[in-house]
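User: I would like to learn how to read a ligand site in a model. Please start with the contacts.

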Amino acid sequence: MTIRPAHDGDWPSLLAMLKPVFSAGETYAVDRDLDDDAIRTFWMMDAHEVFVAERDGQVLGTYYLMPNRHGGGAHVANCGYVTAAAAQGQGIASAMCRHSLDRARQRGFRAMQFNHVVSTNRGAVALWQKLGFDIVGILPGAFHHPVHGYVDAFVMFQTL
Ligand SMILES: CC(C)(COP(=O)(O)OP(=O)(O)OC[C@H]1O[C@@H](n2cnc3c(N)ncnc32)[C@H](O)[C@@H]1OP(=O)(O)O)[C@@H](O)C(=O)NCCC(=O)NCCS
């Protein structure tokens with residue numbers, strides 16, 4: 001598998017994996033009814049350095065890396081990851097997260113923070129913990145899950 005910067009030609013593949021995730025509304029605090037342009041505006045925003053994971057010419061995952069805050073908080077990175085539904089459970093997010101940690105170190109970030117990991121997203125929580133993140137904060141009822149109602153969200157952090 002190759003992880004490389006995203007380019008314009010990747011957009012149809014990225015949209016195909018992002019749209020179901022956002023419209024499901026179970027994992028990202030993003031409006032569920034974003035249209036295609038709004039999804040592109042969000043995922044491809046200037047502040048995001050966007051990568052894709054590709055195998056045999058197929059784009060199977062994507063992540064973005066950005067400073068979590070401005071000014072005095074700009075040395076902490078933030079990322080978001082999505083794997084195509086058909087490619088989940090094959091280690092793609094693990095590889096993307098490891099890549100993002102390396103890239104963040106390379107860019108001089110001193111830590112990485114995930115601001116809003118939905119507590120019911122157990123696979124993701126377990127994966128981030130395996131890759132060195134701690135749950136440093138619990139935000140009670142901070143995410144409105146379409147099935148489970150108001151559930152906790154976790155702030156997850158690791159020093160680089
Ligand atoms: C979370 C997500 C990125 C994981 O992607 P993935 O490529 O399937 O992850 P991997 O194959 O690298 O996962 C490996 C590990 O993650 C965990 N994991 C991932 N998905 C899981 C699931 N649905 N159930 C249980 N464990 C899961 C397992 O601990 C697994 O560990 P193992 O290698 O010991 O079996 C993917 O499910 C996804 O895109 N979900 C929707 C968007 C999302 O939730 N993004 C993260 C927001 S914080």
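Analyst: A polar contact is a pair of N or O atoms within 3.5 Å; within protein, one must be able to donate a hydrogen and the other to accept it, and residues adjacent in sequence count only if both atoms are side-chain atoms. This is a predicted model, where local features need pLDDT of at least 70, side-chain atom pairs count only at pLDDT 80 or more, and totals for chains, interfaces and linings use all residues. Residues are numbered from 1 along each chain as its sequence is written, and side-chain values use heavy atoms, with hydrogens and water left out.

User: Which polar backbone atom is 2.7 Å from an oxygen atom of the ligand?

Analyst: One belongs to Gly89. A polar backbone atom of Gly91 is also 2.7 Å from a ligand oxygen. From Asn121, a polar side-chain atom lies 2.7 Å from an oxygen of the ligand.

User: How many residues surround the ligand?

Analyst: A residue is near a molecule if one of its heavy atoms lies within 4 Å of it. Here 19 residues surround the ligand, and Thr83 and Ser94 are among the closest.

User: Which element gives the most to the shell around the ligand?

Analyst: Helices (H or I, at least four residues) and strands (E, at least two) are DSSP runs, numbered from the N terminus. H4 gives the most, with 5 residues. Strand E4 (76-83), helix H3 (92-106) and helix H4 (122-130) each supply at least two residues of this shell.
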